Every structure is written in structure tokens, then in C-alpha cells.
Amino acid sequence: MGRRIVKLLNLLTRARRSRCKPERLLLLLPACLQYRGCPQKLTDATAKCLRCGRCKIRDLLGLAEEHGCRCTVVPGGRLALDIAKRDAVDAI
């Protein structure tokens, strides 16, 4: 069911063809992507990532840097909403 919703939302997003500057784009990553045994707490700051390769966070941080967008690891949906409102982003 969840995959269908993601596919639908992706389809709707592509149909709108909205564009924004990379610095106004926020890449939100769920904390569950982080390796459980990692000593770093990435929900405080993604700069703490050791980029050891045990999880996909390293790749996603690299992608965000490559495209010049912001990236944040969040533990839950409510905090994600608060960050999006606070940071005044155009797209997530």
C-alpha cells in the first residue's frame, strides 16, 4: 500500500512540473536508514556522519551535496513538518 502512495505522489509531482532552486530544496531522510550500530546521532547534524558505508546515508548526503540541496535526518513525521516550516523550503 505504501509503495502505491509513493508512486502516486511522485506521479503528481512530475505532472506539476514545479521547479525550485537547489538551496530551497530539503531532502528529508528517515532515521531508520541509519545503521543501528552507528555511534553518531545524525538527527542532530548530518555533518557528523562518518560516511563509513554501512548505510545509505552516505550516498544520500553525497547526492544532496552534488546538487546543492539541504539534507536532514529526522526521527519522525512531526519533526519533519516542523523543520520544513522553520526552514522555509519550496520543496521536500
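The legends below go with close-up views of a predicted model.

View 1. If you start from Leu29 and leave out residues up to four places away in sequence, you will find contacts with Ile57, Leu60, Cys71, Thr72, Val73 and Val74.

**View 2. A nonpolar patch on the surface.** Here Ile5, Leu8, Leu9, Leu11 and Leu12 form a nonpolar surface patch of about 480 Å². Leu11 sits in helix 1 (residues 2-16). With a relative accessible area of 53%, Leu11 counts as exposed.

View 3. How many disulfides does the model have? The count comes to 0. The closest cysteine sulfur to that of Cys38 belongs to Cys52, and at 5.9 Å it is too far for a bond. For Cys49 the closest cysteine sulfur is in Cys55, also 5.9 Å away and too far for a bond. Cys38 is partly exposed, at 23% relative accessibility, whereas Cys49 is buried, at 15%.

View 4. Arg24 lies in the loop between helix 1 and strand 1 (26-30), while Asp90 lies in the segment after helix 3 (77-87), 66 residues apart. Arg24 is partly exposed at 31% relative accessibility, and Asp90 is exposed at 51%.

**View 5. Helix 2 tied to a loop.** The side chains of Glu65 and Arg51 meet in a salt bridge of 2.6 Å, N to O. Glu65 belongs to helix 2 and Arg51 to the loop between strand 1 and helix 2, so this pair ties together parts 14 residues apart in sequence. Glu65 is exposed, with a relative accessible area of 55%, and Arg51 is partly exposed, with 32%.

**View 6. A pair within helix 3.** Arg78 forms a salt bridge with Asp82, and their closest N and O atoms are 3.7 Å apart. Both residues lie in helix 3, 4 residues apart, about one turn of the helix. Arg78 is exposed, at 56% relative accessible area, and Asp82 is partly exposed, at 32%. Elsewhere, salt bridges that share partners join Lys56, Arg58 and Asp59 into one network.

Definitions and conventions. Residues are numbered from 1 along each chain as its sequence is written. This is a predicted model: local features need pLDDT of at least 70, side-chain atom pairs count only at pLDDT 80 or more; totals for chains, interfaces and linings use all residues. Side-chain values use heavy atoms; hydrogens and water are left out. Patches are made of residues with over 30% relative accessible area and no salt bridge: like charges are joined within 9 Å, nonpolar side chains (Val, Leu, Ile, Met, Phe, Trp, Tyr) within 5 Å. Accessible areas come from the Shrake-Rupley method with a 1.4 Å probe; for residues, only the protein chains shown count as cover. A salt bridge is a side-chain nitrogen of Lys or Arg within 4 Å of a carboxyl oxygen of Asp or Glu. Helices (H or I, at least four residues) and strands (E, at least two) are DSSP runs, numbered from the N terminus. Buried means under 20% relative accessible area, exposed over 50%, partly exposed in between (1.4 Å probe, protein chains only). Contact means heavy atoms within 4.5 Å. A disulfide is a pair of cysteine sulfur atoms within 2.5 Å.
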